[in-house]
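Please read the notes below alongside the coordinates, taking each point in turn.

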Amino acid sequence: MNLSEDVTPLTRPAAEALIDAAVDAGEMAPGVALELAASIRVPGVLDALADGAFASKQRLKGDIITVSRNVFLPLTNLCRNRCTYCSFAKLPDSAEAHTYSLEEVEEVIQGGVATGCTEALMCLGDKPEVAYGSHREWLAERGYRTTIDLVLEACKLAVAGGMLPHTNAGILSREEMESLRPWNASMGLMMETTSERLRGKGMAHFHAPDKDPAVRIRMHEEAGELRIPFTSGLLLGIGENDAERVATLMTIRDIHRRHGHIQEVIVQPFHPKPDTPMRAVAPIRDDEVVAWVALARLILGPEMNVQAPPNLAPRMLERLARSGLNDWGGVSPVTVDFINPEAPWPALRRLKELTRDSGQVLKDRGPVYPDWLLERPEFFDPTLKKHLLRLATDEGYARRPHHQSKEEAA
Ligand code: SF4
């Protein structure tokens, strides 16, 4: 089917029949997803979509929702791209531009260990050394050829300090991923969108060569060939249409079918930032977030880990909890969300309560999901696996032997 935008909304009974069929089949065809996306304002369809996605999630994930207690290490906020929605990246002459020293990394790791975190999220701008001479000099003064050399050292420090790295450093070469693999529990790159259209003049990715869909697809494929547990995701609200959202999810599904390495898929709404060219764009509606979490579940099937960050749709958490997700992602008691600093993390206690109120149970995981850790040995370097197991319970969830927060003690 041609994924055009010209789709007639379904009646509620027709939508319910398609949703039931998708739950039974464990997958959904792209044309059906597009018809359902066009129907979410038809009374009753959004509820049916969420209910179907929740039923699909329950089949293989049961009543568990996971969360990863992490620290966020934005190793550098310099980036060679200029996505028009981004407030994370800074120019080198900005007072806010910052690249972490290893001493700073160590300090954050210590804070993470002291507060019972297991995941060290290395998240940074894309290849800033390509664009900025001052950054090349900064790296050379410290003996690094590229920013990835710094990332590698930071990952080694994290492992030595008792945490487990998950690196999202933008586009990496096969060799770079190979060098990082023994020091990373998992790695990631949001697909964001496979829309070529958004690379056009005036669009969100015009000045962002690393957002070329072909480049992102290639990195996903290579991560699969290298057996790296990988996080991908869909970014909502940057100018893409429903057909492009469906196409992005289908691309992720197809790559996973070839390699079996996509550990989780994030459905992330974009928040317009005041100091960016896209500041006046209307934020995506909460019911659309619910709809796309549900559609992601039904397209990707009951086995996939589907995540929605709880700080980006705070008014909808109760609803989101029963819309097909099985993971809240990383939540930090130590660091802010540097990509969305305006959006505070919910307290873990509140997340636990609202998950319980939804009839489910919140469990702590590390950067590797329990079944991956216990059942997929081919994805892990043997030395790293010892660290992973040391920080895991017998069931594969996060083990935090030295720490009990006040909220947990209460
Ligand atoms: S969104 Fe990522 S790639 Fe784009 S400018 Fe920001 S840091 Fe760079």
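1. The buried residues of helix H10 are covered by several elements, including helix H2 (30–37), helix H9 (213–225), strand S5 (230–236), strand S6 (262–269) and helix H11. In this predicted model, the buried positions of H10 are Asp242, Ala243, Glu244, Arg245, Val246, Ala247, Thr248, Leu249, Ile252, Arg253, Ile255 and His256.

2. The length of H10 (residues 242–259) agrees with expectation, because 18 residues at 1.5 Å a residue should span 26 Å, and the C-alpha atoms at its ends are 26 Å apart. Just after this helix, Gly260 takes a positive phi of about 70°.

3. The largest nonpolar core has 119 residues, and those touching the most other members are Leu49, Leu73, Met122, Val293 and Ala296. Helix H11 (residues 286–300) gives the most to this core, contributing eleven residues. Setting aside neighbours within four places in sequence, Met122 is in contact with Leu73, Leu75, Val151, Ala154, Cys155, Pro165, Thr167 and Ala169.

4. Around the ligand lie Cys79, Asn81, Arg82, Cys83, Cys86, Phe88, Ala89, Gly125, Asp126, Gly170, Ala208 and Asp210.

5. On confidence, the chain has a mean pLDDT of 93, with 95% of its residues reaching 70 or more. Residues 403–410, however, have a pLDDT below 50, and this stretch has seven contacts in the model beyond near neighbours in sequence. Where pLDDT is low, the predicted coordinates should not be read in detail.

Key:
Residues are numbered from 1 along each chain as its sequence is written. This is a predicted model: local features need pLDDT of at least 70, side-chain atom pairs count only at pLDDT 80 or more; totals for chains, interfaces and linings use all residues. A residue is near a molecule or strand if its C-beta atom, placed from the backbone, lies within 6 Å of it. pLDDT is the predictor's confidence in each residue, from 0 to 100. Two residues are in contact if their C-beta atoms, placed from the backbone, lie within 7 Å. A nonpolar core is a set of buried Ala, Val, Leu, Ile, Met, Phe, Trp, Tyr and Cys residues joined through C-beta atoms within 7 Å. A residue is buried if 20 or more other C-beta atoms lie within 10 Å of its own, exposed if 12 or fewer, and partly exposed in between; C-beta atoms are placed from the backbone. Helices (H or I, at least four residues) and strands (E, at least two) are DSSP runs, numbered from the N terminus. The expected span of a helix is 1.5 Å times one less than its number of residues.
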